[in-house]
Amino acid sequence: MDDARGSLSRRDWFTLSSLAAGALTIKGAKADVVQPPMSPVSVAKVVAYDADLVAQFQLMFDQIGGIGQLVRGKTVAMKVNLSGASGTGRQVGLSAGQTSWVHPNIVGALTATFAKFGAKRVRILESTFRKRYGTPLEDTLLNDGWDVKAIKTAAPIVEFEDTNGPGQAKQYSLLKVKSRPYIFDAFCFNHSYDDCDFFVSVGKMKNHEELGVTLSMKNLFGITPELLYGLRPKPDGAVVSPIGNFSPWTRERVFHYGQVQPPEGVPQEMDPTSSRYEGWRMPRLLTDLCGARPIDLSVLDGVEAIIGGEGTGMPGTKHGKPGILVVGRNCVCTDAVAMATMGYNPRAGRHEAPFRLYKNPKDHPADQLIPPGEYHQYADNTVMMGEAAGIGTADLTKIDVRGVPIKDVMWDYEAHWKGQAPV
Amino acid sequence: MALTLRNPAAWVLFCVTSLGWAAPDPTHWVPARWEGGPLEVARRGKADDRVRETLAKWYEPSSLDLLENTPINCLLVTFSIGAPSAVEALQQQVVKEYARSARKRGIAVLGVVYPGTAVSSVAMAATDAQLDGLVLDGEFPADFTADLARHYPGIVIPIAHDAASVRASSAPLLAVQGVRPIARDLADMGIRAGASAEPWIDSNIWLVRSFRFGADWRPIWVDQEPNPASEGDYIRCVADAAVAGGRWIVALDDDLRVNLFHRNADALGAWRRMGAYLKFAEDHAEWRQFAPFGNLGIIIDNGDLDEYLNLIARRQVPYRLIRRNELSAASLAGFRAVAAFAVPTEAERKILRDFAEKGGGVVVAGPSWGDAPKDDPYAEAPLGKGRVVVYKEEPPDPEAVAKDMQDLLPPEVIGLNTFNVPSAITYASTSDGGKRVLIQLLNYAGRPIERITLRFNGVFKQARLYTPENAPVDLVSTEAQKGRTEVLIPNLAAWGAVLLEQRN
C-alpha cells in the first residue's frame with residue numbers, strides 16, 4: 001500500500017487527526033487549537049455528460065496538485081454512488097445517472113484517467129441492497145444502460161465487485177477508525193476497501209431526505225455490508241435459500257436507528273445508550289466511516305442530479321441540471337465546497353437549510369421524531385462532524401478553491417427545488 | 001358472454017344472407033370509435049362548440065376519407081343512448097346512410113349502444129341500418145345482452161369492465177375495458193417510496209396476455225379513450241394493445257377530431273403516424289400466432305388474480321397461464337416454477353408437490369400450503385429436488401409477490417432477463433418449438449431508452465430488431481454464460497420487437 005497523500009503523509013494525517021481528536025476531547029479545549037487539514041478543491045462547470053470528461057478530470061487533478069504519483073502502478077478503488085441499487089431510482093424518461101446515481105460517463109472517464117496516469121488496476125465498488133446476493137455488479141450497472149464492456153477496456157484491469165458481502169474474499173476486513181470516533185471505533189468491510197492503494201469516493205451531488213445533502217462522505221454509508229450488518233441470524237432449522245441469503249432486517253436498524261447491535265464478532269457501538277435519533281447518529285457514523293476508510297480522492301457529480309431528496313421515491317423531488325463537478329483530496333473540504341456550489345452554507349447548523357428536515361410521522365418510526373409527532377426535524381451537519389473529528393476543514397475561508405469560482409457555478413438547489421429559481 | 005353470436009352455423013347464415021354487405025371476418029376488423037351525429041352531440045352536452053359542431057358533421061361521407069391508407073376497417077358509430085325515440089330515429093337514419101357509404105369502401109360498421117336503450121327498438125333499427133353488429137358500452141341489466149341476442153341476428157360485443165368475468169369465455173372476439181397506457185413517477189402520484197423507486201406503469205399488455213392460454217389467437221379489443229391525448233399517447237395506445245396480440249379501439253380525443261375534421265396539417269401528420277403503428281401491427285399479424293413464453297406458470301381460476309398478472313408482468317417476469325381445472329402433471333411440463341395462490345385441493349397439492357419433489361420446480365403458494373412463517377413475509381423450504389415458497393399473508397400481497405419473483409427465481413429460471421427497462425414492459429413469445437423467439441418491448445416514457453440489454457435462454461445466431469419507424473436492423477447477439485444469448489438494443493423510441501432465430 002502507498003502511504004503517500006500528496007504533501008501530507010499518512011503518518012502526518014493520522015498524527016493530525018489524533019491531535020485534533022485529542023484536543024477536542026480535552027474538556028474546555030478550543031476546537032481551533034489544532035487546525036484540521038486543508039487540501040485544495042477544484043470546481044468546474046460541465047454542462048453535459050458528453051463533454052470530454054477525461055480532459056476535464058486531468059485538468060482538475062492538476063489543479064489539486066496531481067495524483068499521478070499516487071496511482072501509478074497501483075490499485076485504485078472507486079466506490080460509486082448507486083443509492084443501494086435495489087431499483088434503478090429512475091424518473092420517467094431519465095436514466096438513474098441523470099438523477100440519483102453517478103453517471104456512467106463520469107465513472108468511465110475516471111477509469112480512463114487513472115489508466116492514463118498508470119494505474120495498474122481499477123476496482124468499481126458498490127454495495128447493492130438486494131435479497132439475492134450474488135448478482136454481478138455489472139448486471140446492476142446494465143440496468144441503467146452502462147456500457148460495461150467499454151469501461152472494462154478503459155484500464156489494463158478493471159474489476160467490479162458488489163461489496164454487500166465478503167465478495168471474492170473469505171472474510172471481511174476489520175478497519176479501525178483513525179479519526180475521533182463517535183459511535184463505532186471499527187467496522188468490517190468487504191476486502192476491496194482494504195485491499196487498495198488509492199480510494200476514491202465518487203458521489204452524486206444530491207439532497208438527502210434525512211441528512212440534508214449526500215456527497216462524498218455520505219457515499220461511504222454504502223461500504224457497510226448489508227449481509228453482515230443487516231442479516232438476522234436464522235433460527236435453528238431455517239432454510240437458507242439456495243440462490244442466496246435473505247435479509248429481513250436492514251443495516252439501517254443497526255446504523256440509522258441503533259435498534260439492534262451488530263452481530264456477534266463484529267465491532268459494537270461504543271455507547272449503546274447514546275441518542276438513537278438518526279439525525280444525530282448518521283452524521284457521526286459517516287464521519288466514523290471516513291475515519292475507518294479514509295478517502296484519498298473525492299469526486300462529486302453534479303452535472304445532472306435529483307434535487308429535493310436522494311432518490312426518486314421522495315415526494316417533491318425534481319430533476320435538475322446544476323452542471324457542476326467538484327474534485328478534491330480531502331473529503332470534508334470537498335464536500336464543504338460542493339455544499340457552497342449548491343447554495344448552502346457548509347457550516348450550517350441544525351434547523352438551517354439543508355439540515356431543516358421534514359418528516360411525515362406516517363412514514364417514520366415514532367422514536368425518530370423529536371419531539372414526537374413534530375413534522376420539522378433536523379440533522380447534524382456531516383462536514384462539521386468531519387471537521388470536529390479532525391478529518392478536514394469545512395471553513396470556506398481556509399479552503400483553496402481552484403478552477404471556476406464558486407459564485408460562477410453556484411446552482412441553488414433549494415431555490416430550484418421550491419420552484420423559486422429562474423428557469 | 002362477450003360475443004353473443006355463439007352458433008357458428010348461424011354466424012355463417014347471418015353473414016351470407018342478412019349481412020351480405022359486411023366487411024371481412026371480424027377477426028380482421030381493426031376497430032375505431034367513430035362517434036358522431038345528433039345523438040353524440042346530445043350525449044356530449046358539455047362539450048365546447050367546436051367539438052359539438054364537429055360531432056354534428058362527422059357522419060358526412062368525407063370523414064371516411066380519413067381512413068384511406070390506414071388499416072382501420074371497422075367503425076364503432078353512435079347508435080343508441082336511450083334518448084327519445086324521435087332523436088334516436090334521426091340518428092339511426094344518419095347512421096344508416098353513413099354505413100352505406102362505409103360499406104362501399106369495405107368498412108364494417110358497428111353501432112354503439114349505451115344503457116337506457118330498449119332491446120326491441122335497437123335490434124330493429126340495427127337490422128334496418130344493416131349494421132355489422134352492435135357494441136354494448138356501459139352497465140346493462142343482467143339479461144340485456146341475452147335479450148338482444150335473441151332479437152338481433154348480428155354480432156353483439158359487450159365491452160367487459162371486469163376482465164376476469166369473461167376470461168373463461170369462448171367467444172371468438174372479446175372487448176375489454178383497459179387503462180390509458182402511461183408511465184408516471186411515484187412522487188408525482190403522491191406516493192412516498194424508497195430512494196431507488198421506479199416509475200409506475202399503467203399497461204394493458206398483461207390484460208391482453210391474460211386471455212391467451214396457448215398459441216391459439218383470437219382478437220381482444222382494448223377500449224380506453226385518452227382525452228386529451230398526445231401523439232405519443234396514440235402510438236402507445238396502439239402498441240400497448242398490439243404487443244400481446246390485441247387491438248386498441250382507436251379513439252380520437254376532441255382536439256384531434258376537430259383538427260382532423262378541418263384537415264389541419266399537424267393533425268393529419270399525427271394521424272398518419274398513428275396509422276403507421278396500426279399498419280406495423282397488422283403487417284406482423286403472424287406474431288399473433290407465437291405462443292406466450294414463460295417458465296413460470298400461474299394457475300388461474302374464476303377468482304380475481306388480475307393484480308398478480310399485472311404486477312408480475314410489470315416486473316418483467318414472463319409467465320404462462322394454467323387453467324386450474326386443467327392442472328395436471330402434463331400441464332406442468334415445461335414449467336420451472338408455478339404460482340398457486342388459491343387454496344389447493346389435496347389432488348392439486350399432490351401434483352404441485354410432485355412438480356417440486358421430482359421435477360425440481362419451485363412452487364410459490366399462500367399460507368394454506370402450510371408452514372407459513374410468523375414473522376417474515378415468506379419462507380422457503382426444500383421440497384425434494386425443488387423448493388416451496390410459502391407466503392405469510394392470505395392472499396399474498398400481489399405487489400410483494402411480483403417484486404419478490406426476481407429474487408426467488410434465478411435468471412435462467414425466469415428465462416428472459418431485461419436490463420435498463422424501468423419505463424418499458426416486455427412480452428416474449430415463441431414459435432417453431434422455441435427456435436424462434438420474439439421479444440417485444442414498449443417504452444412508456446416520452447423519451448427514447450438507450451442501451452437495453454436482453455438475455456434469453458438458448459443460443460440464437462440471429463437477432464433482428466423491428467420497429468414501426470425504421471427498416472429492420474440486425475443486432476449483435478453474443479452467447480452469454482450458461483448457454484444464453486445476450487442482445488443489445490442501442491435505442492428504443494417506443495415499440496420494438498426483437499426476433500431471435502436459431503438458424504444462421
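Where in chain B is the place of B:Ala83?

1. B:Ala83 lies in the loop of chain B between β2 (74–80) and α4 (85–104). Helices here are DSSP runs of H or I with at least four residues, strands are runs of E with at least two, and both are numbered from the N terminus.

2. A word on the basis. This is a predicted model, where local features need pLDDT of at least 70, side-chain atom pairs count only at pLDDT 80 or more, and totals for chains, interfaces and linings use all residues. Residues are numbered from 1 along each chain as its sequence is written, and chains are lettered from A and ligands numbered from 1 in the order in which they are written.

3. B:Ala83 counts as partly exposed because it has 18 C-beta neighbours inside 10 Å. The cut-offs are 20 or more for buried and 12 or fewer for exposed, with C-beta atoms placed from the backbone. Beyond its neighbours within four places in sequence, B:Ala83 is in contact with B:Leu39, B:Ala42 and B:Glu88. Contact means C-beta atoms, placed from the backbone, within 7 Å.

4. Now the sheet. Chain B has an open sheet of 6 strands, ordered β11-β19-β20-β26-β22-β23, with antiparallel pairing. Strands pair if DSSP finds at least two bridges between them. β11 (291–292) and β23 (473–474) of chain B are at the edges with a single partner strand each, so one side of each has no neighbour in the sheet.

5. In chain B, β22 (residues 462–466) is joined to β23 by 2 bridges, and the two run antiparallel. Across this pair, B:Arg464 stands opposite B:Asp474.

Definitions and conventions:
Contact = placed C-beta atoms within 7 Å.
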